[in-house]
Amino acid sequence: MTATEYNHLPKQLKNHYILARHGFSLANNDKLICSNPDIAIPEVGGPRNTGYGLHEIGIEQVEASAKTLAEHLGDKKNQVKVYCSPFLRTKMTAQIFSKGLGVTAEPTPNMALRERFYGKLDMTSDENYKLCWIDDNAAPDHGEHSQYGIESTSSVVDRTTKFIVEEIEANMEGQTVLLVAHGDVVQCMMTAFRHIEAWRHRELKHVDTANWRDMVQEQQEQE
C-alpha cells in the first residue's frame, strides 16, 4: 500500500498545524500499554480509581511545555484552535495547553485522534511496544496484518488525515491548530505531513511526552 492511498493531506494546507503528545500518564507510570477507549476514556478505574489520566509528573511537564509553546507562538497564542484525543490523558494535556496559551474555548475531542490500538498487547507491559515496531518495520507487510491485532500505521494516518481535511481544512483557513494525541499517533501524523510511508514513523525524531512539534517549522528545516 502506498502513502497516497491512505494519506489524505494535500501538499498545501490552509492552516498552521502543531502536534503535541500527552504528558507522562498513570499508565506510563505503571509501564502499561493503555489503548482501549473503554479503559482509557472514563474517569474511573486505574491505579487511583480516577481513570488513566496524567501523573503529577505529566502535569508539570505539560505546564512547562505550554510555556515554551506560548513563547513560540507569541501574539497568536490565545487564538489557537485545540483538538485532542478523547482519552483522559490527552484531554487533560489539551486543557493544560489551552490554559497556558490563554485559550478560553474548551479543547474539542475527536475519536480520530485516539490512541493507536495495540490489540493483544493492550494492558500489557510497555516493553511490548517493541514487538509492534518490529512488525511496522518488517517488509513487505509492514504490520498491515499484525499477528497481535495491532492497528496498522496506515489506518492511523487514514483516520487522522481524514479528520484534518474534512473537519479542519474544510471549515477554516489561516488558523493555528494544536492537535494533542499519543506517541505513535503523533509520529504517524508526522509521516503524513512529510508525505512518506506511515511505517517509517520510527525514523523520525521522537516526540517525547508533553512535547510539541511545529509542522511549518519542520517543513522549513527539511528544505
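Helix 7 and helix 8 lie roughly perpendicular to each other, a label given to angles of 65 to 115 degrees. This is a predicted model in which local features need pLDDT of at least 70 and side-chain atom pairs count only at pLDDT 80 or more, while totals for chains, interfaces and linings use all residues. Residues are numbered from 1 along each chain as its sequence is written, and side-chain values use heavy atoms, with hydrogens and water left out.

The axes of helix 7 and helix 8 come within 9 Å and cross at roughly 70 degrees; axes here are lines fitted to C-alpha atoms over the stretch in contact, with angles from 0 to 180 degrees between N-to-C directions. The crossing is right-handed, that is, the near helix is turned clockwise from the far one by less than a right angle. Helix 7 contributes Thr153, Val156, Val157, Arg159, Thr160, Thr161 and Ile164 to the contact, and helix 8 contributes Val185, Cys188, Met189, Thr191, Ala192 and Phe193 (contact: heavy atoms within 4.5 Å). By class, eight of these residues are nonpolar, four polar and one charged.

The loops hold some backbone features too. Helices (H or I, at least four residues) and strands (E, at least two) are DSSP runs, numbered from the N terminus. Between helix 6 (129–137) and helix 7 (153–169) sits Pro140, joined to Ala139 by a cis peptide bond with omega about 0 degrees.

Met123, in the loop between strand 3 (108–109) and helix 6, has a positive phi near 65 degrees without being a glycine. Ala210, also not a glycine, has a positive phi of about 75 degrees and is found in the loop between helix 8 (183–194) and strand 5 (212–214). Met123 is partly exposed at 28% relative accessible area, whereas Ala210 is buried at 1% (buried is under 20%, exposed over 50%, partly exposed in between, with a 1.4 Å probe and protein chains only).

Notes. Parallel < 35°, antiparallel > 145°, perpendicular 65-115°, else oblique. Nonpolar A, V, L, I, M, F, W, Y, C, P; charged D, E, K, R; others polar.
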